[in-house]
Amino acid sequence: MKLTVQELYDCLYDNLGPQGWWPAEDNFEIIIGAILVQNTNWRNVEHSLSNLRKATQFDPERILNLHLSELQSLIRPSGFYKNKSAAIIAVFTWLKSHEYDFKAIDKLYTTELRSELLKLRGIGFETADVLLVYVFERVVFIADTYTRRLFNALGVQSKSYMDLYNKVTLPDTFTPLHAQEFHGLLDEFGKRYLTAKGVKGATFLDDYFL
């Protein structure tokens, strides 16, 4: 890759501006959004989040007290509503066992937090890392689809999420805010310029593509 990760971040930031991602009012909304966005687009997620907001205000106890069929109906716009409802229930039940204390959870599991999240039903690598970055404010690289497409274009080939995850190291100077912003920038670039077949149109990163 012709760019360092820091240079890539700076270039994306200079050309796209701050993304302010993840769009949510609290951690519970972030968690639900991270689950719902699996295998769909954010527009569909917004419909589901709007339904849940009206029904529960994202109060965790109200969410857990929903009848399963009602929860599934509320999140139906996001697709795969049976699997996603099960994941929401699993995560919120786990959080309840820790009294919804995010700081205590972070302190309790330290380096094992990712492994603990991956044990929960419906939580894969990407969703776990999103929660680490946006809920627990860890400096973690999120190697989602848009990010893999961009790094492939930059010459860093990968066959899977974990393949790229293990190849990319974030700078020591990165703060949690940098990690959050980096993910937002990578996804925004991907939405504008990348498809499954490659780069579409001219971009400000063309000189670095291989």
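Author: Phenylalanine 58 sits in the loop that links helix 3 (42-56) to helix 4 (60-64), where helices (H or I, at least four residues) and strands (E, at least two) are DSSP runs numbered from the N terminus. The model is a predicted one, in which local features need pLDDT of at least 70 and side-chain atom pairs count only at pLDDT 80 or more, while totals for chains, interfaces and linings use all residues. Residues are numbered from 1 along each chain as its sequence is written, and side-chain values use heavy atoms, with hydrogens and water left out.

The backbone at phenylalanine 58 has a phi near 60 degrees, which is a positive value in a residue other than glycine. Phenylalanine 58 counts as buried because its relative accessibility is 3%; buried means under 20% relative accessible area, exposed means over 50%, and partly exposed lies in between, with a 1.4 Å probe and protein chains only. Tyrosine 100 also has a positive phi, of about 55 degrees, although tyrosine 100 is not a glycine. The loop that holds tyrosine 100 runs between helix 6 (81-97) and helix 7 (102-109), and with a relative accessibility of 18% tyrosine 100 is counted as buried.

Glutamate 116 is buried because its relative accessibility is 17%, and arginine 114 is buried at a relative accessible area of 16%. Leaving aside neighbours within four places in sequence, glutamate 116 is in contact with Trp94 and Tyr109, contact meaning heavy atoms within 4.5 Å. Arginine 114, with residues up to four places away in sequence not counted, touches Phe125, Asp129, Leu132, Tyr161, Met162 and Tyr165. Along the chain, glutamate 116 and alanine 153 are 37 residues apart, and their C-alpha atoms are separated by 33 Å.

To place these residues, one needs the division of the chain into domain 1 (3-18 + 140-206) and domain 2 (25-133), with bounds that come from an automatic or database domain assignment. The C-alpha centres of domain 1 and domain 2 lie 25 Å apart, and nine residues of domain 1 are in contact with seven residues of domain 2.

The chain as a whole has 12 helices and two strands, and its C-alpha atoms fill a box of roughly 55 × 35 × 30 Å along the principal axes. Of the 210 residues, 47% count as buried. Among contacts between residues at least 6 apart in sequence, 62% join residues at least 24 apart.
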